[in-house]
Amino acid sequence: MGMETHKTEDRHQSEYLYRPDILQKLDFNKSPAVFNPRISTVNPGADWMVVRPLQRGDFDKGFLQLLSQLTSTGSITRKQFDERFTQMKISGGHYVTVIEDKRSSKIIAAATLTVEQKFIHNCSLRGRLEDVVVNDTYRGKQLGKLIVVTVSLLAQELGCYKMSLDCKDKLIKFYESLGYKLEPGNSNAMNMRFEEDPS
Ligand SMILES: CC(C)(COP(=O)(O)OP(=O)(O)OC[C@H]1O[C@@H](n2cnc3c(N)ncnc32)[C@H](O)[C@@H]1OP(=O)(O)O)[C@@H](O)C(=O)NCCC(=O)NCCS
């Protein structure tokens, strides 16, 4: 491969799903979450960690293997990953956010904010929190809190009027500590499944 081809390939691999600079603006003082020691998107607590948007090259950094700790991913090819990345980027509203361990070049945590465009509430935006996972060997070190607070503040920064999530009963306390509330009478998750339960 010539030098130019290498450069083009590097640019391709480091392509972000969304503009990374928006993550620099997030104000952790707006979140009720308690961090001890204090960490944030910009200062995740160690210089070998970075919180950033998903990159095209994350296919080679264990992103899908991380997601498989959450649910079944199937055997996704590079081509499928590439096409989905491109479609998400073109359609907009998909804020897949990750934490990378730069020492091993591995993705160690992820969470997605999906922004829905509405007509109601004066053409509002609604955020949904999806696919939250921390690599099992890195759990219990505040990274779950860090990635969830990051995408929640991102939703606020983008102008969402609310952010919603579905979770297992045992995680209610975790999300409550980050500012999410059960709304009695208004928080029943219902599903219609068109395929066998993939989880
Ligand atoms: C849930 C998950 C993201 C938490 O990540 P983590 O990095 O271990 O979380 P943190 O270190 O930031 O922990 C934050 C707090 O939540 C608590 N907590 C974390 N995971 C928990 C669990 N599974 N059950 C109950 N409490 C939990 C921790 O004890 C901690 O409490 P503390 O602040 O009072 O000490 C992680 O366990 C995970 O990836 N689980 C598998 C995938 C999953 O269930 N995702 C959520 C889908 S809704």
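**The core and its surroundings**

A: Let's start with contacts, meaning pairs of residues whose C-beta atoms, placed from the backbone, lie within 7 Å. Among those in the protein chain between residues at least 6 apart in sequence, 68% join residues at least 24 apart. Bear in mind that this is a predicted model: local features need pLDDT of at least 70, side-chain atom pairs count only at pLDDT 80 or more, and totals for chains, interfaces and linings use all residues. Numbering starts from 1 along each chain as its sequence is written.

The protein chain has six helices and five strands (DSSP runs numbered from the N terminus: H or I of at least four residues for helices, E of at least two for strands), and from the N terminus on they go α-β-α-α-β-β-α-β-α-β-α. The chain is as compact as a globular protein of its length, because its radius of gyration is 17 Å, close to the 16 Å that the globule rule gives for 199 residues (the radius is taken over C-alpha atoms, and the rule is 2.2 Å times the number of residues to the power 0.38).

Of the 199 residues, 25% are buried, which requires 20 or more other C-beta atoms within 10 Å of a residue's own, all placed from the backbone; 12 or fewer makes a residue exposed, and anything in between partly exposed. A nonpolar core is a set of buried Ala, Val, Leu, Ile, Met, Phe, Trp, Tyr and Cys residues joined through C-beta atoms within 7 Å. The largest one here holds 33 residues, and those touching the most other members are Val98, Ile99, Ala109, Ala110, Ile147, Val151 and Leu154. At least two residues each come from strand 1 (49-53), helix 2 (63-67), strand 2 (94-101), strand 3 (106-117), strand 4 and helix 5. Helix 5 is the top contributor, with nine.

Zoom in on Ala110: leaving aside neighbours within four places in sequence, its contacts include Phe63, Leu66, Val98, Asp131 and Ile147.

Now the strands behind it. Strands 2 and 3 pair antiparallel over eight bridges (pairing takes at least two DSSP bridges), with Thr97 opposite Ala111. Their hairpin has four residues between the strands, and Ser105 sits in that loop with a positive phi of about 50°, though it isn't a glycine. Ser105 counts as exposed, because it has 12 C-beta neighbours inside 10 Å. Strand 3 also runs antiparallel to strand 4, again over eight bridges, with Val115 opposite Gly127.

Asp131, the Ala110 contact mentioned above, belongs to strand 4. Its phi is near 50°, positive in a residue other than glycine, and it counts as partly exposed because it has 13 C-beta neighbours inside 10 Å. For context, most residues other than glycine have a negative phi.

Finally, the ligand: 15 residues surround it, the closest being Val134, Arg139, Gly144, Lys145 and Cys167 (near means a backbone-placed C-beta within 6 Å). By class the shell splits into eight nonpolar, three polar and four charged, where Ala, Val, Leu, Ile, Met, Phe, Trp, Tyr, Cys and Pro count as nonpolar, Asp, Glu, Lys and Arg as charged, and the others, Gly among them, as polar.

Notes: Two residues are in contact if their C-beta atoms, placed from the backbone, lie within 7 Å.
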